[in-house]
Amino acid sequence: MVDLHTQYEHIKADIDRGIQEVIDSTAFVKGPKVNEFREHLESYTGAKHVIPVGNGTDALQIALMALGLRPGDEVITPTFTFIATAEVVALLGLTPVVVDVDWDTMNISTEAIERAITPKTKAIVPVHLFGQCADMEAIMRIARKHNLYVVEDACQAIGAVYTFSDGSKQQAGTIGNIGCTSFFPSKNLGCYGDGGAIFTNDDDLAAKMQAIANHGMVVRYHHDMIGVNSRLDSIQAAILDAKLPHLDEYIANRQRAAAYYDNAFSGNPHIIVPGRNTHSTHVYHQYTLRIINADRNRLKELLAEKNIPAMIYYPVPLHLQKAYNDPRYKQGDFPVAERLADCVLSLPMHTELDNEQLAYITSSVLDCINRL
């Protein structure tokens, strides 16, 4: 699904030099490489504050901790997403309220958000799924109307750009009160282990999240709030700093591969290519098809026989997960998400795909689907 080795070979000298500098300095935790990467990521995203943390899940948890929410407060998030989005809500004793998504973009439905708001609602966590922003202009309008916080889960969408109706543009993760991202190795900007970051333009929230990520500590050994231990280590920061100047190139390569896929599958009655939010660029963390009137699972098996990996993101919506069994929800309540879970299939998508590989993948998909 992702060719990290070839990507490494292209920037090997920069990666190796950055790692060696950390080893030579022995500043493995909170070293200068972390601050350098933080400053460069602030410049790239336009966020006033970037707080590097241990992973994307930590980023989401710390963001919600900083908002001062109380047990029982409701947080709205899509039911079609990775589990971490609801996981951190539940861990903090908050109440996850899941809603359906749009069929075309697979992102959270703004109409569903409006219907789900109650007097207990305190925050919305939109997920920029697969690499494009949710409808943030509408979401921010809803949030202002109901005095709600917005925490963007941009773990799959770093580098995506949202254009507002007035023509202004902002990066994914910098629009809401807080944004979160992940540097898991397969991400568009990925390290060689775990890593994440939090974005905000709010000085007070930034200071609070920085403290929470450091055991609730501002002055050493004086703990002003309940915190956690979450930090991006210096070696991972050095790797990310070497890769960051290439991020736009990586995105362009993914977009080129997506355009190849789109063209190859256009018009096939069993394949629907990824829909687009016209207000957002798409950075294609995943290239996710919808397979209709055909056996998606059998197609996946046939592709595996041709040594083509394909993945199902995600086979079970949150409201049907055992860990989140909730009497408020039952099968059939969120028909779009449930239909997507039954038909989505993600193809290989990474920066190193060449035309020969793309031709083999697309011809194989078409051949296999014709055999179903």
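Tutor: Before we start, contact here means heavy atoms within 4.5 Å. This is a predicted model, where local features need pLDDT of at least 70, side-chain atom pairs count only at pLDDT 80 or more, and totals for chains, interfaces and linings use all residues. Residues are numbered from 1 along each chain as its sequence is written, and side-chain values use heavy atoms, with hydrogens and water left out.

Student: OK, K187 then. Which residues is K187 in contact with, leaving aside its neighbours within four places in sequence?

Tutor: C155, Q156, S182, R254 and H285.

Student: And where does K187 sit?

Tutor: In the loop between β8 (178–182) and β9 (196–200). Strands are DSSP runs of E, at least two residues, and helices are runs of H or I, at least four, numbered from the N terminus.

Student: Is K187 buried or exposed?

Tutor: Buried, yet it has no salt bridge. Buried means under 20% relative accessible area, exposed over 50%, and partly exposed in between, using a 1.4 Å probe and protein chains only. A salt bridge needs a side-chain nitrogen of Lys or Arg within 4 Å of a carboxyl oxygen of Asp or Glu.

Student: What's the nearest side chain of opposite charge to K187?

Tutor: D153, 7.1 Å away. For charge, Lys and Arg count as positive and Asp and Glu as negative, while His and the chain ends are not counted.

Student: Switching topic: how many salt bridges does the structure hold?

Tutor: 15. One of them joins E36 and K33 at 3.7 Å, N to O. Both residues lie in helix α3 (residues 32–45), 3 residues apart, about one turn of the helix.

Student: Which residues are linked with E36 in a network of salt bridges?

Tutor: E21 and K33. K33 counts as buried at 17% relative accessibility, whereas E36 is partly exposed at 33%.

Student: What about D367 and K306, how do their side chains meet?

Tutor: In a salt bridge, 3.8 Å from N to O. That pair links distant parts of the chain, 61 residues apart, with D367 in helix α13 (residues 355–371) and K306 in the loop between α11 (296–305) and α12 (335–343).

Student: Last one: which residues of α5 are buried?

Tutor: In α5 (residues 84–91), they are A84, T85, A86, V88 and V89. Their cover includes α4 (56–66), β2 (74–78), β3 (95–99) and β5 (149–153). Just after α5, G93 takes a positive phi of about 80°.
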